[in-house]
Amino acid sequence: MIAGLFNYWVVIILMMAGLYIVMSSRHLVKKIIGLNVFQTSVFLLFISMGKISGGTAPIIADGFTAYSNPLTHVLILTAIVVGVATTALGLAITVRIYEAYDTVDEDDIAEMDIENENKETAVSTVVAKNT
Amino acid sequence: MIYQLPAIVLLLTLLAAPICSMIRNGDIAWKLAVIAAWLSVAASMALMHQVWGGNEISYHMGGWPPPWGIEVRIDELSALVLILVTLFGSLVITVLRESLRTAMRSHRHSLYYTTFLLCMASLIGITITGDAFNVFVFLEISSLSTYALIARGRDRRALTAAFRYLIMGTIGATFILIAIGFMYMVTGTLNMADLAVRLPEHADNRVVQASFAFFIVGIALKIAIFPLHYWLPNAYTYAPKATTAFLAATATKVSLYVMIRFIFDVYGVEFSFKQMHIDALLLPLSVAGIFIASLIAVFQSDVKRLLAWSSVAQLGYMSLGIAMVNVAGLTATVTHMFNHAMIKAGLFLCLAAMIYRLNSSHIKDLAGIGRSMPLTTGAFAVLGAGLVGIPLTAGFVSKWYLINAALENGWVILAVMLIISSLMAVAYIGKIIDVAYFKPAPAQHKDVKEVATSILIPCWIFALLTIYFGIDTRLTAGVAGRVAETLLGVGL
C-alpha cells in the first residue's frame, strides 16, 4: 500500500510542509520558500499521474508499445513558469518592503503600521482642533 | 473576420501589452492601450450580438478540434462577463493617464499600461476559454499583474497588501491546480464540455469529491467570499486610486464567473447541490459575510476602506444567490455581478477624483465637497443610491430578484434580513453623503476645484449607466434569466 503509492505520500508530506511553512513563519522570504515547496508538491502530483508502469519516454520507436503520458509534463512546464514568475514577483516585493520598512519580519511590519496609523489619527485630531 | 472574433477579442489587449512595454513615451503607449481596449469592447459587443437569445459559439484555437485542441466557448453568460471586463476596464484605462500624472515618473507610465493591459487580457482569457487548465494559467496571469498593480500604490502599506494577496492568491490558484489535476486523473480530459459529460459517471469517486472541495476553497479565496476575504480590504485600500476601480469591478467578478461555470456546468447541478450540498456551506457564510462586512463598513473612517468592506458584503449577495438554487437566485447573482461591478467601479472612480484634489480619503477631509466638487459628488451620490438599491437604479433590480428568490424558497426571515442589510448600506453611504453635503469644508480645503472633464465624463458614464440599467434590464436581468434557466436545466 505505502510502497505502491510512494509518490503520493511524498506529495502529501511536501504539500503539508509547504503550507505549514507559509502559515507559521513570520519571515517573508521563508514564506516564499514555503510557497515554492507547496507548488513543487503539486508538480510532483501531476508528473506522477502521467507515469505508466513499464512505459518509456513518449517518442515512437521500434520495440516499445507503452509510453508515458506526455500531457501532464507539458502542463507542469507551464505551471513551473507560473511558479517562477510568482517567486520572482514575491521576492521583488520583499526587496521593496525591506527598503520601505527596514525589516522583513511580518510582526515588526504590522507593529510599524499600527504605530503609523495611531500617529495619523493623532495628527488629524490636532488639525481638527486647530480649525 | 466574424469567425475569428473570439480570438481577436483576446489578442487585441494581449498583443498591445508587449508593444506598450517597448514604447518609452507614456502618451503614445496610453493612446495604444486606449485604442486596443475600446476595440475589444466593440469585439465583445459583436460577440454578444452573435450569441443573443441563447446561441453558443465554439471556436477551435489553431483549427484543432476539441477535446484535443483548446476550445474557446462563448455563451450569453461569458459574453456578459466579457462586456463587463472590457467596458469597465476601458473606461478606467481612459482616465488612467490623468491619474498617473502625479503618481509616477513619466518614463514608467508605459510599463504600468502594459501591466494593466495584461490583467485585462487574462481576465478576457478566463472568460472565453473552454479549457480547465487554461483557466488556471489565465487566473495566474491576472493575479500576477494584479499584485504588481497593487504594489505600485503610494503608501508603503501597498507593498504588504500586495504581498499578502500574493501568498493567498497563489495558495488559491494552486488549490485550483490540484482540483484540475484530480479531474484529469479520473476523466483524462481538460476540456470543460467534455469534463461535464464524463464527471457524472464518477460522482461517487472520492477523487472527484476531493477535487470539488479543493476547487471551491481555491476559487473562494480568489472571489474573497467571507471568511476568505482577508486580503481584499487592504489590497483595495492601498492600490493606486484609479486601479482600485478596475480591480473592484473585474477581478473578483471574473472569479465568481469561474465558480458559476464550474459548479453548474463542469461538476453539474446534480453533483454540486444534491450530493456535495455546496448550498449548505455558501448560505450561512454569505449571510454572515453580508452582515459582518456591512457592520465593519459602517464604522470605517477611511472612505476607500469603507467601500472595500462594502465590496465583501456585496460579494456575499452574489454567493447567496448561488446558494438559493433557484432561477431567481441565480438571475440575481449574475445581474448583481454586472451591476455591482459598474456601481463599485464608478464609486471608486469618483473617490479617486476626490482624492486627486484632496490628497486624502479620510471621511473628515470630504467635508463640504458637495459644494466645491458638485459634479463628482453628484455622480457619487447617484452611484451610492445604486449601491443601496433605491428603485430606478441598477442595484434595485438585483436586490429585487434576490428577495424574490428568498420568498420563492419560503425563507421570509432571509428576505427580511436582506432588507435590514440594505439599511446598513444606507448607513455607510449616508455617512459619506451627509459629510459631503451638510458639513462645512475645513480651512485647508477651501479652494478645492472640480477635476478635469476627462475624469468627470467616465464618472458620469458609470452614474448614468447605473440609472439606465435600473430601467432597461434586457442586457442584465434578461440575459441573466436565460443563463440561469440554462444552467439550472429548466425551461428549455
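A residue counts here as buried if 20 or more other C-beta atoms lie within 10 Å of its own, as exposed if 12 or fewer do, and as partly exposed in between, with C-beta atoms placed from the backbone. This is a predicted model, in which local features need pLDDT of at least 70 and side-chain atom pairs count only at pLDDT 80 or more, while totals for chains, interfaces and linings use all residues. Residues are numbered from 1 along each chain as its sequence is written, and chains are lettered from A and ligands numbered from 1 in the order in which they are written.

1. Let me start with helix α1 of chain A. Its buried residues are A:V11, A:M15, A:G18 and A:V22. Seen down the axis of α1(A), they fall within an arc of 70°, so they line one face of the helix (the arc is that of the directions from the helix axis to the C-beta atoms). On the other side of α1(A), A:F6, A:W9, A:I13 and A:S24 are exposed.

2. What covers that buried face? The cover of the buried residues of α1(A) includes α2 (28-50) of chain A and α6 (157-187) of chain B. Helices (H or I, at least four residues) and strands (E, at least two) are DSSP runs, numbered from the N terminus.

3. On to the place where the chains meet. Chain A brings 28 residues to the contact and chain B brings 26 residues; two residues are in contact if their C-beta atoms, placed from the backbone, lie within 7 Å. On the side of chain A that touches chain B, the elements giving two or more residues are α2, α3 (71-101) and α4 (106-130) of chain A. The most comes from α3(A), with 13 residues.

4. Chain B has 20 helices and two strands. Strands β1 (residues 57-60) and β2 of chain B pair in the antiparallel sense over four bridges, where pairing asks that DSSP find at least two bridges between the strands. B:S58 has B:R73 of β2(B) as its bridge partner. Both faces of β2(B) (residues 71-74) are covered, with B:E71 and B:R73 buried on one side and B:V72 and B:I74 buried on the other.

5. Of its 492 residues, 61% are buried. Among contacts in chain B with a separation of 6 or more, 79% join residues 24 or more positions apart. The C-alpha trace of chain B spans about 70 × 55 × 40 Å along its principal axes.
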